[in-house]
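Subject: Structure handover, with notes on what was found

Dear colleague,

Please find the structure below, followed by my notes on it.

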Amino acid sequence: MSEATMRQFVFSGLLLQDSLDTLEKEGINVRKSGDLVPVSRVVEADFNPRIWHDANSMASVYQAIFCIENTIRSFIVERMSERYGLDWWEEKVSSKIKKAVKSLKEEEQKNKFFSSRSDSEIGYTMMGNLGQIITDNWSDFSDIIPNQAWLNSRMQDLEMARNIVMHTGVLPQDEIERITSIVRDILRQIG
């Protein structure tokens with residue numbers, strides 16, 4: 001291999017690495033999950049075995065809720081942006097939800113040393129309010145969601161489970177199975 005070919009090969013590899021790093025920073029997972037860096041110094045031996053077991057059993061529930069909540073956010077943003085443009089939030093979201101989001105953002109801004117949770121208002125919208133945005137704009141979602149009662153019951157169950165898990169509670173196996181089923185139902189419905 002010539003020196004020029006070798007340089008081109010190395011340069012291409014560096015460009016690829018930089019592109020992958022950029023995608024990861026944007027939240028696009030291009031590497032296997034084993035590449036994620038865990039919180040340092042959190043080891044099983046430091047904790048009560050029951051607490052460690054409960055944390056491990058809720059980790060997959062947290063992951064499912066995190067993913068479905070953000071999938072619903074993306075679904076709302078895509079649908080509303082398609083129909084109303086980039087200003088859909090101002091035009092189509094109730095003042096009650098906007099007020100709650102504004103309050104959360106203002107509270108977060110007091111702690112400038114901490115990173116913000118989102119660049120957009122939808123990232124500050126609570127689970128129950130996500131369902132409310134859909135029902136408030138029902139004509140924009142009724143072709144995908146079977147009916148409001150279906151949506152509301154699933155959103156309520158997800159929100160209750162979310163609050164338990166996010167506040168260090170433990171769900172029994174039958175509720176974990178229900179959340180699994182709900183997540184699967186929503187994914188099938190919204191594609």
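Contact here means heavy atoms within 4.5 Å. On that basis, of the contacts in the chain between residues at least 6 apart in sequence, 61% join residues at least 24 apart.

Before going further, please note that this is a predicted model, in which local features need pLDDT of at least 70 and side-chain atom pairs count only at pLDDT 80 or more, while totals for chains, interfaces and linings use all residues. Residues are numbered from 1 along each chain as its sequence is written, and side-chain values use heavy atoms, with hydrogens and water left out.

Confidence and overall make-up

The chain averages a pLDDT (the predictor's confidence in each residue, from 0 to 100) of 88, and 86% of the residues score at least 70. Confidence is lowest in helix α1 (residues 3-25), where the mean is 69, and highest in helix α3 (residues 88-92), where it reaches 96. Where pLDDT is low, the predicted coordinates should not be read in detail.

The secondary structure comes to seven helices and zero strands, where helices (H or I, at least four residues) and strands (E, at least two) are DSSP runs numbered from the N terminus. Of the 191 residues in the chain, 27% are buried; buried means under 20% relative accessible area, exposed means over 50%, and partly exposed is in between, with a 1.4 Å probe and protein chains only. The accessible surface of the chain comes to about 13,200 Å², of which 54% belongs to carbon and sulfur atoms, these areas coming from the Shrake-Rupley method with a 1.4 Å probe and, for residues, only the protein chains shown counting as cover.

Leaving aside its neighbours within four places in sequence, Ile-76 is in contact with Trp-88, Ile-122, Leu-130, Ile-133, Ile-134 and Phe-141.

Salt bridges

A search of the whole structure finds 12 salt bridges, a salt bridge being a side-chain nitrogen of Lys or Arg within 4 Å of a carboxyl oxygen of Asp or Glu.

Arg-154 forms one of them with Asp-185, the closest N and O atoms being 3.7 Å apart. Because Arg-154 lies in helix α6 and Asp-185 in helix α7, this pair ties together parts that are 31 residues apart in sequence. Arg-154 is buried, at 19% relative accessible area, whereas Asp-185 is partly exposed, at 22%.

Arg-178 likewise forms a salt bridge with Asp-157, with 3.8 Å between the closest N and O atoms; this pair links distant parts of the chain, since Arg-178 is in helix α7 and Asp-157 in helix α6, 21 residues apart. Arg-178 counts as partly exposed at 38% relative accessibility, and Asp-157 is partly exposed at 23%.

Within helix α4, Lys-102 and Glu-106 lie four residues apart, about one turn of the helix, and their side chains meet in a salt bridge (3.8 Å, N to O). Lys-102 counts as exposed at 53% relative accessibility, while Glu-106 is partly exposed at 41%. Elsewhere, Glu-69, Arg-73 and Arg-162 are linked in a network of salt bridges.

Val-42, Phe-47 and Ile-51 make a nonpolar surface patch of about 260 Å². Patches are made of residues with over 30% relative accessible area and no salt bridge, like charges being joined within 9 Å and nonpolar side chains (Val, Leu, Ile, Met, Phe, Trp, Tyr) within 5 Å. Ile-51 is placed in helix α2 (residues 49-84) and counts as exposed at 52% relative accessibility.

Thr-168 lies in the loop between α6 and α7, and its phi is near 65°, a positive value in a residue other than glycine. Thr-168 counts as exposed, at 73% relative accessibility. Pro-172 lies in the loop between α6 and α7 and is partly exposed, at 38%. The C-alpha atoms of Pro-172 and Ser-57 are separated by 9.7 Å, although these residues are 115 apart along the chain.

With best regards
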